[in-house]
Amino acid sequence: MAVEKTFFLETFGCQMNVHDSEKVIGTLQQQGYSQVETEEAADLILYNTCSIRDKAEQKVFNRLNDTKKLLKQGKRFGVLGCVAQQEGEAIFERAPYVSLVSGSASYRKLPEMLARLEAGEKRIAGLDDRQTDETFETEFTARSNKYRGYITIIEGCDKFCAYCVVPYTRGKERSRTSTSVLAEARRMAESGYTEVQLLGQNVNSYRDPEGKRSFAELLAAVAEIAGIRRVRFTTSHPRDFTQDIVDVIDAVPALCNHVHLPVQSGSTSTLKRMQREYTREQYLERIGWIKQSQRPISITTDIIVGFPGETVAEFEETLSLLETVQFDAVFAFKYSPRPNTPALVMIDAIPDEEKGKRLQALLDRQREWQRANYTKRIGQIVEVAVEGHNAQRGQVNGRTSENITLNFAPSGPILPAPGSYAQVEVTQSFPNSLVGRAV
Ligand code: SAH
Ligand code: SF4
Ligand code: F3S
């Protein structure tokens, strides 16, 4: 009789990691494992890790330490994702009870690695580096949401920004064929998905290996699949952001009116040290294209404060860029020195306290700009994708096409179901969300 095999998986990091975990879960289930909710109940404990900033990396080692006491009961541990790729076999030294270490570029070998684990091997490493041309495609993806799902279209990164680990942890850029992406989107639509989010570290660096479709054409083709009502894509790199992306958003209603375009800094000299390969002016030119679109497109960004050598004047250029653009959301981080990256040799002389001050000043200003921008939306009628309910308050929550959270009062006693769409009038605004009533 087959013994039931169980696994626990916790995910850290970005949407790419979240979606990789859905593929890993599907693959494990295919191999006869069932997922359990606690480490205690699992035979195999997996952490899908992130190393983008030092804090993220520390979290993983803390978690491993906390869980180690479960070892007595003969459990096995695996470390997946970006810390696994970065630290490699050194993890076996640092945490000797770990028996599987695998980066994302090796997940296609998971079934084989699991078989070796079951055969009793103690140290299995999947550490394909930048050489690989393969992507991780599986028909067994176990998506956690029934209406809204991710599709990876491009993996890895070839940009080598001076501060960033991703080119080392996720390997070189490699795109899936548009035929395969469209087939997956069609399967999702047939099983009831209405929203698709196309993923890549630089999603707009997509190059169809078959040469059939540009990135903009792929967006249009996914958006035209029957049943798909919303298509999002993230993250766009300014260097590869072209006018035809704005044109296709204008032309195809199912493409959401939102672009996430990380700028990192508003200062050309800082951008140069960061090796971002665009200037403040070139970034603002792209913002100009987006703002000239027929329908209003929401723009969000990422910022790093306190990059080595950032002067007060350079930091103020970032504030002035934020004021000029009027972003709907800004994800801002203090610079964190990372292993292997070119910036590691630069002198990180800005004290942590000063980085903290700059971060807080930026967030305070942005909050006020956002408050004003969100207030302008009062009175608008918007479409909301319903995600859930707050039974206590009799409220429904969901997201607008711009990806803004909106809580609304239903029009009658029956609450609209998750996965449905509602027309809502905006009645109130906060710096990060909207409130409304169904019309
Ligand atoms: N590929 C995307 C985002 C990658 S990581 C892009 O190029 O924009 C997500 C965000 O983490 C980055 O946009 C950046 O703002 C932040 N980040 C990356 N490395 C960092 C580091 N060493 N310290 C602080 N923030 C960092
Ligand atoms: Fe990191 Fe730059 Fe690649 Fe983005 S483009 S993942 S910031 S190296
Ligand atoms: Fe983190 Fe790796 Fe994503 S470092 S942000 S999980 S690509």
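Modeller: Happy to! Ligand 1 lies between domain 2 (145-256) and domain 3 (289-376), because both give residues to the shell around it; the domain bounds come from an automatic or database domain assignment. Before going further, please keep in mind that this is a predicted model, in which local features need pLDDT of at least 70 and side-chain atom pairs count only at pLDDT 80 or more, while totals for chains, interfaces and linings use all residues. Residues are numbered from 1 along each chain as its sequence is written, chains are lettered from A and ligands numbered from 1 in the order in which they are written, and side-chain values use heavy atoms, with hydrogens and water left out.

Now to the shell itself. There are 16 residues around ligand 1, and those that come nearest are Tyr163, Gln201, Gln264, Asp302 and Ser336; a residue counts as near if one of its heavy atoms lies within 4 Å of the molecule. By type, the shell divides into 6 nonpolar, 5 polar and 5 charged residues. Here Ala, Val, Leu, Ile, Met, Phe, Trp, Tyr, Cys and Pro count as nonpolar, Asp, Glu, Lys and Arg as charged, and the others, Gly among them, as polar.

Let us turn to individual atoms. A nitrogen atom of ligand 1 lies 2.7 Å from a backbone N or O atom of Gln201. On the side-chain part, an N or O atom of Asp302 is 2.7 Å from an oxygen atom of ligand 1, and an N or O atom in the side chain of Arg276 is 3.2 Å from an oxygen atom of the ligand. On its own, ligand 1 has 540 Å² of accessible area, and the protein covers 91% of that (Shrake-Rupley method with a 1.4 Å probe).

Which elements give two or more residues to this shell? They are strand S13 (298-305) and strand S14 (329-334), strands being DSSP runs (E, at least two residues) numbered from the N terminus. Both belong to an open sheet of 3 strands with the order S12-S13-S14 and parallel pairing, where two strands pair if DSSP finds at least two bridges between them. Strand S12 (258-260) and S14 are the edge strands, each pairing on one side only. Neighbouring strands of the sheet are turned by 10 degrees against each other on average, direction ignored (axes are lines fitted to C-alpha atoms, and angles run from 0 to 180 degrees between N-to-C directions). S13 and S14 run parallel and are joined by 6 bridges, and Thr300 stands opposite Ala329 in S14.

Terms used. Polar contact = N/O pair within 3.5 Å; in protein donor to acceptor, adjacent residues only side chain to side chain. Helix = DSSP H or I, 4+ residues; strand = E, 2+ residues; numbered from the N terminus.
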